[in-house]
Amino acid sequence: MENIIKSLEEKFNISEVIKKSDNLNILTVDKKLAMSLIIYLKEIEKFSHLVMLSAVDWLEDGKFQLSYILNNPEKKIDLIIRVFISREKPEMESIHKIWVHAATDQRELKEMYGIEFPESPRLNDDFLLEGWDNIPPMRRDFDTLKYSEETFFPRPGRQTYETKEYMKEKMYPDEKNSKNKKGLKDA
Amino acid sequence: MLKFEQDRSKFPEEKDGKLEIDLDSQKFIKIWQGPNHPGITGNMALELTVSGDEVVESKTHVGYLHRGFEKLMERRKFIQCFPICIRMCVPEPDINEYCLAASVEDLAGIEVPDMAKWLRTLVLEMARLVILLRGVPGQGGTMSLGMGVQWGVYVRDLMIDRFEELTGGRVYHMYIAPGGVRGLLPEGFKGRMEEVLKKIDEFVVDIDNLMFSNAVFKKRTKGIGVIKPEWIEQYSVVGPNARAAGINRDVRKDYPYLMYDKLDFESYVGKDSDIYTRSRVRWHDLQTSVDMIRQIMAKMPNKGDIRAKTPNVLHWKIPKGETYQRLESSRGEYGFYMVTDGSAYPRRINLRGPSYNSAVLLLEKMLVNANISDVSSMMVSLATCPPEIER
């Protein structure tokens with residue numbers, strides 16, 4: 001693993017290397033060199049298994065982090081490739097030609113974070129959400145509580161009641177007027 | 001035997017890599033299989049375009065179960081994430097508990113005691129049995145061999161009883177916690193477990209007779225739903241589906257976690273990569289798990305420390321970092337990618353289950369030119385679990 005990291009540091013402009021364990025390292029690479037690094041890892045270093053493509057929203061820094069988790073099944077080692085892209089115009093090259101199934105990841109990231117992957121197949125098709133007209137929901141500035149309050153409340157049948165009072169009213173509607181007549185005690 | 005040249009004039013032509021399907025031509029029909037359909041596992045839908053009884057195009061539609069768990073967990077403290085994450089794969093919840101606990105422990109630098117590791121291994125293998133006891137005969141269920149499923153549900157229930165005894169819960173167990181597990185084995189547990197394992201041994205033979213020696217089952221599964229070797233890499237196929245294609249991928253062997261390196265086991269590797277082989281691989285997995293539980297029972301100590309000391313979980317700040325923790329679920333590699341920012345809340349938790357790759361693009365590819373009666377058996381043979389696609 002150390003040899004691989006050394007050769008990568010020589011060839012690509014790797015800004016940060018974090019060693020998590022003997023078989024997991026985290027590399028940070030510039031957006032421009034990311035694609036060539038990924039192709040190099042796949043073709044030369046045999047990191048043939050794309051575990052996942054994920055994104056993290058660093059709202060305070062104005063950046064999205066794309067994480068490509070790659071695995072080498074022969075040497076049994078993992079690499080997390082981190083690429084930071086601007087939050088204002090998030091766009092990254094598509095890797096669906098290297099791993100076909102990455103198209104699904106990219107479709108989800110487009111929907112959930114609004115990150116563009118030009119040329120990725122069916123990128124704009126709805127994946128999990130249908131007819132979504134708000135900002136992408138996995139972004140940190142999307143407020144779930146506010147959204148649900150606006151969307152789901154108030155709506156007939158969604159009022160909240162004080163259980164004790166509500167049941168009392170339901171079961172003994174006349175109680176207020178003729179409490180003593182029925183001889184019922186307060187619950 | 002007479003051979004007929006198939007009339008391909010009814011099939012759509014390809015233009016720029018896309019099929020030209022004109023529904024008004026009356027050559028094609030659109031059929032929705034799901035989201036509510038006996039031939040679908042869970043809540044997802046396949047939009048099939050068929051010509052005669054042959055599938056021309058398939059599109060997977062998910063989203064019927066999207067509950068935003070990953071987003072919810074970003075607003076929860078680490079301990080509050082446990083009741084959420086177990087719902088990300090309903091039939092096998094313990095794998096989520098383990099992945100989340102392992103990620104938290106890795107980032108916080110907590111060493112789990114050996115006794116807890118043994119108990120975690122035991123629980124994970126029990127969970128594998130619970131899903132396989134229904135999943136293996138379920139393959140027969142897609143071609144009207146329903147009785148295997150009934151037998152499976154009975155034996156599975158006995159295993160769920162053992163879960164109830166050990167954890168207090170039947171479906172969701174909440175047994176694995178950060179730092180270890182929640183309790184030791186109850187008295188007499190090993191004996192009762194052995195009784196269940198004996199029942200499973202009988203069940204395994206019954207299933208062999210019912211399914212794998214059955215002419216109808218063989219005819220409808222051999223040579224059907226083949227995953228080509230070159231697809232394994234392109235679609236990142238893992239676990240039993242890869243093993244059925246002759247590629248030995250098992251996280252328990254390749255990246256030993258917990259106590260798997262102390263257990264003696266071999267994963268079964270097939271060759272033909274069709275529905276029959278995938279089913280056979282899972283049937284062998286069932287026996288491997290039974291054998292492993294017996295080994296764990298024999299090798300684990302009776303007493304020991306089961307939980308490492310953790311800070312107050314309600315005010316627990318985990319240092320900034322990121323990690324990826326994986327395990328072998330009944331369907332293959334299953335992992336959590338966790339990013340923390342030094343606060344009491346996770347910055348991002350992303351789950352990756354094997355269904356994400358297999359049930360969307362791979363299934364769409366496999367279903368082209370398949371017979372419509374094989375659609376559900378092909379889908380079940382990939383062991384699809386929709387909640388892990390949607391999270």
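**View 1. Helix α12(B) lies across β4 and β5 of chain B.** In this predicted model, the helix runs at about 170° to β5(B). Angles run from 0 to 180 degrees between N-to-C directions, with axes fitted to C-alpha atoms, for helices over the stretch in contact. Contact means heavy atoms within 4.5 Å. Helices (H or I, at least four residues) and strands (E, at least two) are DSSP runs, numbered from the N terminus.

**View 2. Strands β3-β4-β5 of chain B form an open sheet with antiparallel pairing.** Two strands pair if DSSP finds at least two bridges between them. The edge strands are β3 (29–33) and β5 (54–61). Twist averages 25° from one strand to the next. Seven bridges join β4 (residues 45–51) to β5(B). Leu46(B) stands opposite Thr60(B).

**View 3. Helix α3 (residues 102–113) of chain A meets helix α12 (residues 354–367) of chain B.** Their axes come within 9 Å and cross at roughly 100°. The two helices are therefore roughly perpendicular (65 to 115 degrees). Ala103(A), Thr104(A), Asp105(A) and Glu108(A) touch Tyr356(B), Val360(B) and Leu361(B) across this contact.

**View 4. The largest nonpolar core has 86 residues.** Such a core joins buried Ala, Val, Leu, Ile, Met, Phe, Trp, Tyr and Cys residues through side-chain atoms within 4.5 Å. Buried means under 20% relative accessible area (1.4 Å probe, protein chains only). Helix α4 (residues 114–141) of chain B gives the largest share, 14 residues. Met159(B) is among those with the most contacts inside the core. Its partners include Met126(B), Ile200(B) and Ile293(B).

Residues are numbered from 1 along each chain as its sequence is written, and chains are lettered from A in the order in which they are written. Local features need pLDDT of at least 70, side-chain atom pairs count only at pLDDT 80 or more, totals use all residues, and side-chain values use heavy atoms.

Terms used:
Parallel < 35°, antiparallel > 145°, perpendicular 65-115°, else oblique. Buried < 20%, exposed > 50% of the residue type's maximum accessible area, 1.4 Å probe, protein only. Lists of a residue's contacts leave out its neighbours within four places in sequence.
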